[in-house]
Amino acid sequence: MLPKFNDSMNYSMVIPSSGKEVKFRPYLVKEEKIMMMAMESNDAKMILDTIANTVESCLVDFTGSVKSLTTFDIEYMFLQIRSKSVGESVELSVSCKECNNQQPHVLEFDAIKPPVVPKKNKNIIQITDSIKIKMKYPSYIDLIDMTQNPDTMSENEKTMSNIFSACISCIDYIMVGDDEKIDISEYSYEEMVEFLEQFTTSQFNLLKEFVASVPNLEHTIEWKCSSCGHENSVSMRGTTDFFQ
């Protein structure tokens, strides 16, 4: 019988949004193969699904649905799993903004800090005297759903669709007066878009401001160009920058 190993190689990390500690193992060759196939497909939904499924497979003591965690939870957790799977650093190719010279840069995973989650955030938005909206951080499944724009859409249509989708994914419920609470899960995406289209620009901007404030996995890398000496910096943010 062939030996089994790596079963007891466990590490710990903290889920940013909850502060809960969980144990995890590195991902294995079989999981890496699936991720490589997803990355090569350039299919955004497949890539996001694969990242979530990999995180779920590698967690040792987590209960519940991984996809119900926030977007920044999954991004950070996948980064931690990846660092124990492929090494503590990765070599990137960076391009000088001044002369376009390409050079290698080593990104140390330990230098990437977890997303900062405010202890208090302004999650109640007053729309009118009688209507308020309770906001929430979007779940990873919301992010997956947001990637499913039809190919027939123009770029402007996709941009507007993404803005509406992001705002809707951040709405927890709607309050009317002091007593009525409306659960938006009972309404279709089209009905929610119709609801938001009633807003004035200033009212809609309040929702967009909340969306912009959602924590993200972020890191700024800095380097000096080996060709012209220009001091460069670039910000990495979110799933696409870190995992492709």
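The side chain of Gln203 reaches the backbone nitrogen of Thr200 at 2.9 Å, a polar contact in the sense of a pair of N or O atoms within 3.5 Å, where one must be able to donate a hydrogen and the other to accept it, and where residues adjacent in sequence count only if both atoms are side-chain atoms. Please keep in mind that this is a predicted model, in which local features need pLDDT of at least 70 and side-chain atom pairs count only at pLDDT 80 or more, while totals for chains, interfaces and linings use all residues. Residues are numbered from 1 along each chain as its sequence is written, and side-chain values use heavy atoms, with hydrogens and water left out.

Gln203 has its place in helix 7, residues 201–213, helices being DSSP runs of H or I with at least four residues, and strands runs of E with at least two, numbered from the N terminus. Gln203 is buried, at a relative accessible area of 17%, where buried means under 20%, exposed over 50% and partly exposed in between, with a 1.4 Å probe and protein chains only. Not counting residues up to four places away in sequence, Gln203 touches Ile127 and Thr128, contact being heavy atoms within 4.5 Å.

Let me turn to the cores. Which residues touch the most other members of the largest nonpolar core? Of its 23 residues, they are Ile133, Met135, Ile171, Ile174, Leu196, Phe199 and Leu207; a nonpolar core here is a set of buried Ala, Val, Leu, Ile, Met, Phe, Trp, Tyr and Cys residues joined through side-chain atoms within 4.5 Å. Among the elements giving two or more residues to this core are strand 6 (131–135), strand 7 (171–176) and helix 7, and helix 6 gives the most, with four residues.

Next, the aromatic rings. A search of the whole structure finds six aromatic pairs, counting rings of Phe, Tyr and Trp (its six-membered ring) whose centres lie within 6.5 Å, with planes under 30 degrees apart called stacked, over 60 edge-to-face and the rest tilted. Tyr27 and Phe78 form a stacked pair, 6.2 Å centre to centre with 15° between the planes; because Tyr27 lies in the loop between strand 2 (21–24) and helix 1 (29–41) and Phe78 in helix 3 (residues 71–86), the pair ties together parts that are 51 residues apart in sequence. Phe195 and Phe199, by contrast, are edge-to-face, at 5.3 Å and 80°, and Phe199 is buried, with a relative accessible area of 12%.
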